[in-house]
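User: I would like to go through some backbone and helix details of this model. Could you take my questions one at a time?

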Amino acid sequence: MELITKTLAGFTAMSSWEYLAVALSILYLLLAIKENIWCWPAAFFSTAIYTIMYWNGALVMESFLHFYYLVMAFVGWWMWRSGNKNTESKIVSWSFFKHVKIIISTGIIAILMGYITDNYTHADLPYLDSFTTCFAVVTTYLVAKKVLENWLYWVVIDAASMYLYYLKGYYPTLALYVFYTFMACWGYMKWYEEHSNREGKTVAQL
(Lines give C-alpha, C1' and ligand atoms only; values in the text may rest on other atoms or scores of the structure.)
Protein backbone atom coordinates (compact mmCIF):
# COMPACT_ATOMS: atom_id res chain seq x y z
CA MET A 1 0.00 0.00 0.00
CA GLU A 2 2.86 2.38 0.86
CA LEU A 3 4.51 1.65 -2.48
CA ILE A 4 1.29 2.53 -4.35
CA THR A 5 0.88 5.73 -2.34
CA LYS A 6 4.45 6.84 -3.05
CA THR A 7 4.08 5.97 -6.73
CA LEU A 8 0.90 8.04 -7.10
CA ALA A 9 2.52 10.92 -5.20
CA GLY A 10 5.47 10.75 -7.55
CA PHE A 11 3.26 10.91 -10.62
CA THR A 12 1.45 13.91 -9.15
CA ALA A 13 4.79 15.70 -8.70
CA MET A 14 5.85 15.17 -12.33
CA SER A 15 6.09 18.26 -14.56
CA SER A 16 4.22 18.70 -17.82
CA TRP A 17 7.48 18.23 -19.75
CA GLU A 18 8.12 14.94 -17.96
CA TYR A 19 4.59 13.76 -18.79
CA LEU A 20 5.23 14.65 -22.44
CA ALA A 21 8.53 12.73 -22.41
CA VAL A 22 6.80 9.66 -20.93
CA ALA A 23 3.99 9.85 -23.51
CA LEU A 24 6.49 10.12 -26.36
CA SER A 25 8.51 7.22 -24.95
CA ILE A 26 5.40 5.04 -24.90
CA LEU A 27 4.55 6.17 -28.44
CA TYR A 28 8.09 5.23 -29.50
CA LEU A 29 7.64 1.72 -28.11
CA LEU A 30 4.28 1.20 -29.79
CA LEU A 31 5.57 2.41 -33.16
CA ALA A 32 8.81 0.40 -32.87
CA ILE A 33 6.84 -2.77 -32.21
CA LYS A 34 4.85 -2.07 -35.38
CA GLU A 35 8.10 -1.40 -37.31
CA ASN A 36 6.88 2.13 -37.97
CA ILE A 37 9.78 4.44 -38.83
CA TRP A 38 8.06 7.34 -37.06
CA CYS A 39 9.12 5.74 -33.78
CA TRP A 40 12.46 7.51 -34.21
CA PRO A 41 11.10 11.11 -34.23
CA ALA A 42 9.13 10.19 -31.10
CA ALA A 43 12.36 8.87 -29.57
CA PHE A 44 14.22 12.02 -30.58
CA PHE A 45 11.84 14.43 -28.86
CA SER A 46 11.38 12.30 -25.74
CA THR A 47 15.13 11.87 -25.26
CA ALA A 48 15.72 15.59 -25.94
CA ILE A 49 13.42 16.40 -23.02
CA TYR A 50 15.08 13.80 -20.77
CA THR A 51 18.58 14.99 -21.73
CA ILE A 52 17.81 18.55 -20.62
CA MET A 53 15.83 17.40 -17.57
CA TYR A 54 18.59 15.11 -16.28
CA TRP A 55 21.29 17.69 -16.99
CA ASN A 56 19.39 20.33 -15.02
CA GLY A 57 18.95 17.77 -12.25
CA ALA A 58 22.72 17.11 -12.12
CA LEU A 59 22.29 13.50 -13.28
CA VAL A 60 25.20 13.80 -15.68
CA MET A 61 25.54 10.15 -16.76
CA GLU A 62 21.81 9.82 -17.36
CA SER A 63 21.95 13.03 -19.40
CA PHE A 64 24.83 11.68 -21.51
CA LEU A 65 23.00 8.38 -22.00
CA HIS A 66 19.89 10.14 -23.25
CA PHE A 67 22.00 12.33 -25.51
CA TYR A 68 23.29 9.08 -27.01
CA TYR A 69 19.66 7.97 -27.47
CA LEU A 70 19.00 11.30 -29.20
CA VAL A 71 21.85 10.70 -31.66
CA MET A 72 20.71 7.11 -32.21
CA ALA A 73 17.26 8.42 -33.16
CA PHE A 74 18.93 9.91 -36.26
CA VAL A 75 20.91 6.73 -36.87
CA GLY A 76 17.84 4.53 -36.43
CA TRP A 77 15.79 6.67 -38.82
CA TRP A 78 18.54 6.43 -41.44
CA MET A 79 19.03 2.67 -41.02
CA TRP A 80 15.33 1.85 -41.15
CA ARG A 81 14.81 4.14 -44.11
CA SER A 82 17.76 3.01 -46.23
CA GLY A 83 18.18 -0.64 -45.22
CA ASN A 84 20.28 -2.73 -47.52
CA LYS A 85 20.65 -1.49 -51.11
CA ASN A 86 18.11 1.28 -50.43
CA THR A 87 15.30 -1.17 -49.70
CA GLU A 88 13.21 -1.22 -46.54
CA SER A 89 15.19 -2.81 -43.72
CA LYS A 90 13.88 -6.11 -42.40
CA ILE A 91 14.02 -7.86 -39.06
CA VAL A 92 17.08 -10.07 -38.69
CA SER A 93 17.98 -12.72 -36.13
CA TRP A 94 21.57 -13.07 -34.96
CA SER A 95 23.14 -16.36 -33.90
CA PHE A 96 23.34 -17.50 -30.29
CA PHE A 97 27.16 -17.31 -30.30
CA LYS A 98 27.08 -13.74 -31.64
CA HIS A 99 24.88 -12.73 -28.73
CA VAL A 100 27.20 -14.56 -26.28
CA LYS A 101 30.09 -12.43 -27.59
CA ILE A 102 28.00 -9.26 -27.20
CA ILE A 103 26.97 -10.17 -23.65
CA ILE A 104 30.51 -11.08 -22.53
CA SER A 105 32.17 -8.01 -24.07
CA THR A 106 29.47 -5.62 -22.82
CA GLY A 107 29.54 -7.28 -19.40
CA ILE A 108 33.30 -6.75 -19.13
CA ILE A 109 32.91 -3.08 -20.07
CA ALA A 110 30.08 -2.72 -17.53
CA ILE A 111 32.28 -4.19 -14.77
CA LEU A 112 35.14 -1.84 -15.65
CA MET A 113 32.78 1.15 -15.70
CA GLY A 114 31.33 0.02 -12.38
CA TYR A 115 34.80 -0.19 -10.86
CA ILE A 116 35.74 3.28 -12.12
CA THR A 117 32.54 4.95 -10.91
CA ASP A 118 32.69 3.06 -7.62
CA ASN A 119 36.25 4.15 -6.84
CA TYR A 120 36.52 7.57 -8.46
CA THR A 121 33.02 9.09 -8.23
CA HIS A 122 30.24 9.43 -5.68
CA ALA A 123 28.03 7.04 -7.69
CA ASP A 124 25.43 4.99 -5.85
CA LEU A 125 24.93 1.34 -6.92
CA PRO A 126 27.72 1.76 -9.50
CA TYR A 127 27.82 -1.78 -10.89
CA LEU A 128 24.07 -2.10 -11.38
CA ASP A 129 23.92 1.39 -12.89
CA SER A 130 26.82 0.55 -15.24
CA PHE A 131 25.16 -2.71 -16.25
CA THR A 132 21.89 -1.07 -17.26
CA THR A 133 23.66 1.83 -18.98
CA CYS A 134 26.17 -0.23 -21.00
CA PHE A 135 23.62 -2.78 -22.15
CA ALA A 136 21.11 -0.02 -22.99
CA VAL A 137 23.72 1.59 -25.26
CA VAL A 138 24.35 -1.69 -27.10
CA THR A 139 20.68 -2.67 -27.28
CA THR A 140 19.66 0.67 -28.77
CA TYR A 141 22.05 -0.11 -31.63
CA LEU A 142 20.39 -3.54 -32.00
CA VAL A 143 17.02 -1.82 -32.35
CA ALA A 144 18.42 0.40 -35.10
CA LYS A 145 19.73 -2.73 -36.85
CA LYS A 146 16.33 -4.40 -36.38
CA VAL A 147 17.81 -7.36 -34.56
CA LEU A 148 14.95 -9.52 -33.29
CA GLU A 149 16.61 -10.37 -29.99
CA ASN A 150 16.88 -6.70 -28.93
CA TRP A 151 13.57 -7.12 -27.11
CA LEU A 152 14.99 -9.90 -24.93
CA TYR A 153 17.84 -7.61 -23.93
CA TRP A 154 15.31 -4.92 -23.02
CA VAL A 155 13.35 -7.34 -20.81
CA VAL A 156 16.48 -7.98 -18.72
CA ILE A 157 17.58 -4.32 -18.76
CA ASP A 158 14.11 -3.09 -17.75
CA ALA A 159 13.87 -5.69 -14.95
CA ALA A 160 17.28 -4.64 -13.60
CA SER A 161 16.27 -0.98 -13.90
CA MET A 162 13.09 -1.67 -11.93
CA TYR A 163 15.22 -3.01 -9.06
CA LEU A 164 17.55 -0.01 -9.34
CA TYR A 165 14.68 2.49 -9.22
CA TYR A 166 13.08 0.61 -6.31
CA LEU A 167 16.28 0.89 -4.30
CA LYS A 168 16.53 4.61 -5.16
CA GLY A 169 12.86 5.25 -4.38
CA TYR A 170 11.97 6.35 -7.91
CA TYR A 171 8.55 4.72 -7.73
CA PRO A 172 6.82 6.39 -10.72
CA THR A 173 9.77 5.42 -12.93
CA LEU A 174 9.62 1.89 -11.51
CA ALA A 175 5.93 1.70 -12.47
CA LEU A 176 6.75 2.87 -16.00
CA TYR A 177 9.45 0.22 -16.34
CA VAL A 178 7.01 -2.49 -15.31
CA PHE A 179 4.94 -1.35 -18.29
CA TYR A 180 8.06 -1.20 -20.50
CA THR A 181 8.93 -4.80 -19.55
CA PHE A 182 5.53 -6.06 -20.67
CA MET A 183 5.85 -3.99 -23.85
CA ALA A 184 9.26 -5.53 -24.56
CA CYS A 185 7.75 -9.03 -24.23
CA TRP A 186 4.97 -8.05 -26.63
CA GLY A 187 7.52 -6.48 -28.98
CA TYR A 188 9.50 -9.71 -29.14
CA MET A 189 6.41 -11.77 -29.93
CA LYS A 190 5.31 -9.36 -32.67
CA TRP A 191 8.76 -9.16 -34.28
CA TYR A 192 9.23 -12.94 -33.99
CA GLU A 193 5.93 -13.50 -35.77
CA GLU A 194 6.82 -10.98 -38.48
CA HIS A 195 10.31 -12.45 -38.92
CA SER A 196 8.95 -16.01 -39.13
CA ASN A 197 6.36 -15.00 -41.72
CA ARG A 198 8.96 -13.28 -43.89
CA GLU A 199 11.36 -16.20 -43.61
CA GLY A 200 8.53 -18.58 -44.55
CA LYS A 201 7.66 -16.53 -47.61
CA THR A 202 11.32 -16.44 -48.69
CA VAL A 203 11.62 -20.23 -48.42
CA ALA A 204 8.35 -20.68 -50.33
CA GLN A 205 9.58 -18.46 -53.15
CA LEU A 206 12.74 -20.53 -53.45
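User: Where does E35 lie, and what is its phi?

Analyst: In this predicted model, E35 lies in the loop between α2 (16–33) and α3 (39–56). Most residues other than glycine have a negative phi. The phi of E35, by contrast, is positive in a residue that is not glycine, with a value near 60°.

User: Is E35 buried or exposed?

Analyst: The cut-off for buried is under 20% relative accessible area. Because the relative accessibility of E35 is 15%, E35 counts as buried.

User: In which loop is K146 found, and what is its relative accessibility?

Analyst: K146, which is not a glycine, has a positive phi of about 55°. K146 sits in the loop between α6 (126–144) and α7 (150–168). K146 counts as buried because its relative accessibility is 1%.

User: How far apart are the end C-alpha atoms of residues 63–80?

Analyst: The UniProt record, an unreviewed entry, places the feature "transmembrane region" at several spans, including residues 63–80 and 174–192. Residues 63–80 are 100% helix and 0% strand, and the end C-alpha atoms of this span are separated by 25 Å.

User: And what is that separation for residues 174–192?

Analyst: This span, too, is listed as "transmembrane region" in the unreviewed UniProt entry. Residues 174–192 are 100% helix and 0% strand, with their end C-alpha atoms lying apart by 27 Å.

User: What separates the C-alpha atoms of F67 and A48?

Analyst: F67 belongs to helix α4 (residues 60–82) and is partly exposed, with a relative accessible area of 47%. F67 and A48 are 19 residues apart along the chain, and their C-alpha atoms are separated by 7.1 Å.

How values were computed
Residues are numbered from 1 along each chain as its sequence is written. This is a predicted model: local features need pLDDT of at least 70, side-chain atom pairs count only at pLDDT 80 or more; totals for chains, interfaces and linings use all residues. Side-chain values use heavy atoms; hydrogens and water are left out. UniProt positions are given in the numbering used here, feature names are shortened, and annotations may be inferred rather than shown by experiment. Helices (H or I, at least four residues) and strands (E, at least two) are DSSP runs, numbered from the N terminus. Buried means under 20% relative accessible area, exposed over 50%, partly exposed in between (1.4 Å probe, protein chains only).
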